[in-house]
Amino acid sequence: MPRRHQPPQRQRGVILSVQGWQRLNAAQRKSVFQDNGGKPYTLEQLSERTHLSPNTLIKVRRRTIPVDRKTLMSYFSAFDLTLNPNDYTKADSKSSNYDQVPLKSPVPLDSPFYIERLPIESLCHETLVQPGSSIQIVAPKQMGKTSLMTRILQQAREEGFHTIALNVQLAESSIFRDLNRFLQWFCAVVTRGLDLPHQVPIYWDDIYGGNANSTYYFETYLLPKLGNPLVLALDDADVLFNYPEIAREFFSLLQTWGEKASYGDKCSQIWQNLRLVIVHSTEVYAMSGANSIEFTADVSIQLPEFTREQVQDLVIRHGFSWQPQQVKQLYQLLGGHPYLVQLTLNAIKTEKIPIDQFLATVTGETDIYREHLHQCLWYLHDAPELMSALMQVVNSSTPVEFDPIITARLQNLGLVRVDQGKVSLPCQLYHQYFRDRLKPLGLKLSPETHPASLVVIEGVNLTTNLLAHPETNFNQLYQDLQLFVQLTQEFDGKILKSIDQGMLILFPSSLQAVNFAQEIQLTLQSAIQRDSNPELYYRIGIHWEDVIFCYTGVSEPGVKIAHHLTAEAPPGGICMSHSVYEAIANHLPQPPQPMGQRQFEESEKPIALYQLIF
């Protein structure tokens, strides 16, 4: 029997290439502004425009499931593009590596799981084509700052620009010892990134200082060598904020370089070829109370969370066909936190958990969230005033209004949502976790009084000595601080906080406090005998009283008295109050020597002081 003629089968064997993916996304972004009022297309809108089913669109966008060329042609033509051979490639199961999302690293340029940040990306691109322009991208950690930065740089490369992404975390701690050393490192790293010969020593003359030298190096060597503009991106720039003197000078220098582009002199055109992208997290400001860095960019981007529509888009890209109510529940649970949403979708896919089952069993102690939530709690432990404020938010059924500084610090930590100056929690996960974790701490808000010894250690002329011989004395200071920490543990003390040029330490008994202080000074004296030119000395003051402990710390009067006692001690010496003397006089081979009485503002009567001789 003759075989019937079989119609040719469609070739379902191609997926979008990296180039095709980028072309399609660029055209779609353009169409969003021209045809859709700047709002990202929903899956239904794309289906109507491309005449492809939602399931087919999901396959195309995931770039892991092969489709036929006709499908890609329909998608491309819907955005006025012609499908080229370089826009697709044959599907290869071995090369399909997109089932897992890189959760703790930038989303790759060719990943189907990157959610476009519109109109932010277009705004950044329009800014960087302007001469001498700069962009600042700030947000809490894990919000997608570096992923956005890599796409900004990719768009710049498509314009023919040179690009360098410099992660400040690559600098060793020794680089930050002084500004001159840091700027030499900075110039050298940029030079290497441009594949140019290392010429920093030739252009560097110490008589001019680091700022002038680095400016001269860029102006006469680096930028003239390039021809096309250079986009220099500084990622993790918040590392610099641990070194405030260097940060202040460096960002002021970058600001000056941007201004030089508009001077109108012979060098302005050279500086117009430098474009800057500064990327940093906001947690450092939350902990320090600062609100902004000393750098004013042409465009400052406060990277927001995903919208509910963007979360739905990401759900689709992971291949899930959820009901709108399920997406809504996920958004209520996590808000639009990019990392938490990606983390959750990845876990559901990997462990093959039905979404309804996941939503019914998830808690703040679920393994996948534990690290992120513990990090948030760790920040709060170091800032009791923020923890107290967050407790009010957790316990309130309506948004709460705080002092603007407290509001800004909570927002910088990424813990709250702010609307018209009023603060609320961004998601159910945070509410549940902080309600359970902070509620027991609420019992400690009532002050409690216990007797304790307060010890203040203070460096003598510390700042002056560090500036005089920074390399030697910074090393010595580091060793001394290690000694303080080690002995604090040995004598059952607790370091409470830093005070001016020293630290405040608490001990349960006066004898432990005095033995601790004596051990420090004896150890340092032994070191001084080996070094004929010591520069770092410390005074120690010890005071015993009933200390008022509350949620925000210990009572100020006792701390201030201990601080006054420190000022009364000679360099390398120990001064104690009469309350400490009474407790330890009979336990030392040589009793402390009287120093007379002093009247302090924090005490009703004069206090007798004693110096420990050893």
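1. A polar contact is a pair of N or O atoms within 3.5 Å; within protein, one atom must be able to donate a hydrogen and the other to accept it, and residues adjacent in sequence count only if both atoms are side-chain atoms. Such a pair involves Thr344: a polar atom of its side chain lies 2.8 Å from the backbone oxygen of Leu340.

2. The model is predicted, so that local features need pLDDT of at least 70 and side-chain atom pairs count only at pLDDT 80 or more, while totals for chains, interfaces and linings use all residues. Residues are numbered from 1 along each chain as its sequence is written, and side-chain values use heavy atoms, with hydrogens and water left out.

3. Thr344 belongs to helix α15 (residues 338-351); helices (H or I, at least four residues) and strands (E, at least two) are DSSP runs, numbered from the N terminus. Thr344 is buried, with a relative accessible area of 0%, where buried means under 20%, exposed over 50% and partly exposed in between (1.4 Å probe, protein chains only).

4. Which residues does Thr344 contact, leaving aside its neighbours within four places in sequence? They are Leu330, Leu334, Phe358, Ile368 and Tyr369, contact being heavy atoms within 4.5 Å. Phe358 is 14 residues from Thr344 in sequence, and the C-alpha atoms of the two are 9.4 Å apart.

5. An open sheet is formed by 5 strands in the order β4-β5-β6-β3-β7, with parallel pairing; two strands pair if DSSP finds at least two bridges between them. β4 (162-167) and β7 (299-302) are the edge strands, each pairing on one side only. Strands β3 (residues 134-139) and β6 (residues 274-281) are joined over 6 bridges in the parallel sense, and Gln136 has Ile278 in β6 as its bridge partner.

6. The largest nonpolar core has 52 residues; such a core is a set of buried Ala, Val, Leu, Ile, Met, Phe, Trp, Tyr and Cys residues joined through side-chain atoms within 4.5 Å. Residues with the most contacts inside this core include Tyr369 and Leu390. Helix α18 (384-395) is among the helices that each supply at least two residues, and α18 gives the largest share, 7 residues.

7. Leaving aside its neighbours within four places in sequence, Leu390 touches Leu380, Leu410, Leu415, Val416, Leu425, Phe434 and Leu438. A second, separate core of 45 residues includes Leu179, Leu183, Ile278 and Phe295. In soluble globular proteins, nonpolar side chains tend to be buried together.
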